Amino acid sequence: MSTSILHPLSNEPWNCMLPGPPSRNNFGSADLSPSGLLAFASGSSVSVVDSRSLQLVTTVPLPYVPSPPSSSPPPNSSAPVSTFVTSVRWTPLPPRRDLLSTEPSSSHLIIAAADRYGRISLVDFRLRSIVLSIDPPDHSSKWGVQDLCWVQARPDSFLLAALSGPSHVSFFNTSTYRFSFKYDASPEHLSCIRRDPFDSRHLCILGLKGFLLSIKVLGETEEDISLKELLIRTDCKELLKLERDAAAAGNSTFAPASAAFPLYAVRLAFSPHWKHVIYVTFPRELVVFDLKYETTLFSAALPRGCSKFLDVLPDPNQELLYCAHLDGKLSIWRRKE
């Protein structure tokens, strides 16, 4: 692992760049800041749009790396790893002042962006510079980052949690430039990571087969991080068939979930109204799960006429649940009294 602080590239014509269309290789990565700025990945670039006016603010390409972390492709893979940006997350707090390569800066314009090389970069959109570059912590995570999430470690600091490769979890401390925690969930394929809206120290990580990892952060060291392994029971027959087909075709087992199984999406979202309650979508099932009692409260199959579930989003103001489907349809769910 290595870090580097890069100076702004003032000669780069980033102001004039228009973003290309996002592709499936970008894993649908996007994040909305509290100030209403929407950041999304498009190819190897990160673009920022004002969500109110829909005006493009800027587009910043991540730097090309002539020699990737591994000069050879993963075993049983015929194609090299691409530089697609796979996850973006706005920083909840500004980094240390001595971390910034140039002053002044605007903390609300700093974003964490990860790519298929396994690199993670902190990008300052006001200065148009990369203020911190994080290399993969180990060999297996060099095959791409699946998702990112900030989790609070102390009142004035956050750790950056990353899902790398198929099953690796790591926490990076931007103050000490060190990985403070690593965890391997093999043979699970981890899908997404989300922070608890009621407790910024708590997050959950979900796997394609219903494996659920609940993590509580009480400090910045490995001894301050506690975790609990849970299971949400679901039908995995389709995934088992996809795994057999991938093994028979000799495809890489080092790829993140969204790259290995692009049409098999599993997502979770915390309820903004009820503590300990999460909403989970498997391709053909919607589940409401209680973390405190470790049990399923409700489950439902796909609505008639809709294709597989793609994502889930609760309404922050009403007890409504929005589910996106692979065919572009949107289903809306309301809790029964």
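**Notebook: a look through the model**

I began with Ser180, which, leaving aside neighbours within four places in sequence, is in contact (heavy atoms within 4.5 Å) with Leu159, Phe171, Glu220, Thr221 and Glu222. Ser180 sits in strand 13, residues 178-184; strands (E, at least two residues) and helices (H or I, at least four) are DSSP runs numbered from the N terminus. Is Ser180 buried or exposed? I found a relative accessible area of 11%, so Ser180 is buried. On this scale buried means under 20% relative accessible area, exposed over 50%, and partly exposed in between, with a 1.4 Å probe and protein chains only.

**Ground rules.** I noted that this is a predicted model, where local features need pLDDT of at least 70, side-chain atom pairs count only at pLDDT 80 or more, and totals for chains, interfaces and linings use all residues. Residues are numbered from 1 along each chain as its sequence is written, and side-chain values use heavy atoms, with hydrogens and water left out.

**Confidence.** I checked pLDDT, the predictor's confidence in each residue from 0 to 100. The chain averages 85, and 83% of the residues score at least 70. Over residues 67-80 the pLDDT is below 50, though the model gives this stretch 21 contacts beyond near neighbours in sequence. Residues 97-102 also stay under 50, with 20 contacts beyond four places in sequence. Where pLDDT is low, the predicted coordinates should not be read in detail.

**Leu212.** Next I looked up Leu212, in strand 16 (residues 211-217). Leu212 counts as buried because its relative accessibility is 0%. Not counting residues up to four places away, Leu212 touches a list of residues including Cys204, Lys228, Leu268 and Phe289.

**Aromatic pairs.** How many aromatic pairs does the structure hold? I have four, counting rings of Phe, Tyr and Trp (its six-membered ring) with centres within 6.5 Å; planes under 30 degrees apart are stacked, over 60 edge-to-face and the rest tilted. Trp90 and Phe125 have ring centres 6.2 Å apart and planes at 50°, so I logged this pair as tilted. Trp90 is in strand 6 (residues 85-90) and Phe125 in the loop between strand 8 (120-124) and strand 9 (129-134), so the pair ties together parts 35 residues apart in sequence. Both Trp90 and Phe125 are buried. I then took Phe309 and Trp333: centres 6.5 Å apart and planes at 45°, so tilted. Phe309 is in strand 22 (residues 309-314) and Trp333 in strand 24 (residues 330-334), 24 residues apart.

**Salt bridges.** My search of the whole structure found 14 salt bridges, each a side-chain nitrogen of Lys or Arg within 4 Å of a carboxyl oxygen of Asp or Glu. Lys241 bridges to Asp245, with the closest N and O atoms 3.1 Å apart. Both lie in helix 1 (residues 237-248), four residues apart, about one turn of the helix. Arg335 and Glu319 meet at 2.6 Å, N to O. That pair links distant parts of the chain: Arg335 is in the segment after strand 24, and Glu319 in the loop between strand 22 and strand 23 (320-325), 16 residues apart. Asp156 and Arg154 meet at 3.9 Å, N to O; Asp156 is exposed at 54%, while Arg154 is partly exposed at 41%. Which residues did I find linked in a network of salt bridges? Arg89, Asp147 and Arg194.
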